[in-house]
Amino acid sequence: WFKGGPDNTYITQYIITGIGHLKKLGVDVKKLAPIIKLAIPYLDKKLKEDYDYLIKNKIKLNQQNISYAQIQYLYMRSFFLEIEPAKEINPAFKYYWGQAETYWRKQNKYMQGLIALSLHRFLPMPMRDKKFKNTPKEILASLKETSINHEELGMYWKELTSGGYYWHQAPIETHSLLIEVFSEVGKDVMVVDDLKTWLLKNKQTTNWKTTKATAEACYALLLQGTNWLANESVVEIKAGNIVFNSNENKSEAGTGYFKKNIEGDKIKPEMGNISIRLTPNPSPGGEGNTTPSNGGPTSWGGVYWQYFEDLDKITSAATPLRLNKKLFVEKNTDRGPVLTPVNDGDFLKVGDKIKVRIELRVDRDMEYIHMKDMRASCMEPVNVLSGYKWQGGLGYYETTKDASTNFFIDYLRKGTYVFEYALFVTHTGNFSNGITTIQSMYAPEFSSHSEGVRVNVE
């Protein structure tokens, strides 16, 4: 999905699945038809390539040969039953359906949910083996048996309370999918509401950490169970002697969200004691206003302290991702280019060529990483064209912005990596050189930044 880089089957399937979600919600997707028209035949072809590989290499077909990507494909394809695949795709279709039906017990909860929905939707298809017609219900029964039910927290699975580093290990996306499973396959409103309760009340979900998790959670909450958006409660927040009431503040329609700012000079120590009271709104919620099985929708909030700090006073952070940024002056000598490190207090000159060297250390494999390197306003980059690059065994997409250079990495293996790029000094003065930040998309708690430094130019 980056120009000059390899194609990415997962991202393509994820985007087409998102269009399938829009269809499910009743959204007109006619304007997206050109994407669908190109992507689905491409994904069908990829499935056939996987099957052809097994045949070509004489791999035993009665063994487990289904991967996460092929299970994701079956789920994606279940939203577009009206688009018939080419006849040469059918053997691959039939084989991977059988693989999903036979080996679903060996998959994780996310994959089991994808298989249950796929097989449930594909059941009317003529090439499906009818002896597996009860497989979706068997998966549902297995999911129920391994779940935990809590009066306050609702229904959840212990192994989903912490996630991993890959797309198929994401806890919020998995739980959201299982809501869809119990709604569509099980048609159990009580269970769906209990699952929605956990999604909202678990500490991890008070902050859906990624755009992907947020999109999946919203899809699950809006599509399934009773209409919680029709149930609005009155929230009273008391911080010390100050009281805020949701009825007295302008709230966002549907969510009830409101925000109150307190200036720094008005904050008192006793305001650290905060109490919250939630009472049902006496006014009717309108048609469709129902009470969930757990007694009502969930409310939550947050308190944070915001302040400003000079970029050059920021100290480096140590996490599983570690960054070390250094500037060098490159000078040509009779022995060739020589790099001299720029230390605190050193003066640069207009016209100096600067090499930025960023050393990244990571102690585990990670997917989908974004690194942003800020630069001083006295410097201009040599490379201003965005493009896919390969350096030191790592492929990444590099793009230059007005005040930073950004690196997007699909897959980052455990190890140490060095990024380098050139700048020229263009102005005199004293400047902040900013910091370098890095963060994992699927595990945002794994983030890091370098220390801030100042640059003096004579």
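A disulfide is a covalent bond between the sulfur atoms of two cysteines. Relative accessible area was computed with a 1.4 Å probe on protein chains only, with buried meaning under 20%, exposed over 50% and partly exposed in between. Cys-378 is buried, because its relative accessible area is 0%, whereas Cys-218, at 32%, counts as partly exposed.

The model is a prediction, in which local features need pLDDT of at least 70 and side-chain atom pairs count only at pLDDT 80 or more, while totals for chains, interfaces and linings use all residues. Residues are numbered from 1 along each chain as its sequence is written, and side-chain values use heavy atoms, with hydrogens and water left out.

Rings of Phe, Tyr and Trp (for Trp, the six-membered ring) are paired if their centres lie within 6.5 Å, and planes under 30 degrees apart count as stacked, over 60 as edge-to-face and the rest as tilted. The structure holds 16 aromatic pairs. One of them joins Tyr-95 and Tyr-96 in an edge-to-face arrangement, with 5.2 Å from centre to centre and 75° between the planes; both of these residues are buried. Trp-157 and Phe-182 form a tilted pair, at 6.3 Å centre to centre and 35° between the planes. Since Trp-157 lies in the loop between β2 (154-156) and α7 (171-184) and Phe-182 in helix α7, this pair ties together parts that are 25 residues apart in sequence. Helices (H or I, at least four residues) and strands (E, at least two) are DSSP runs numbered from the N terminus.
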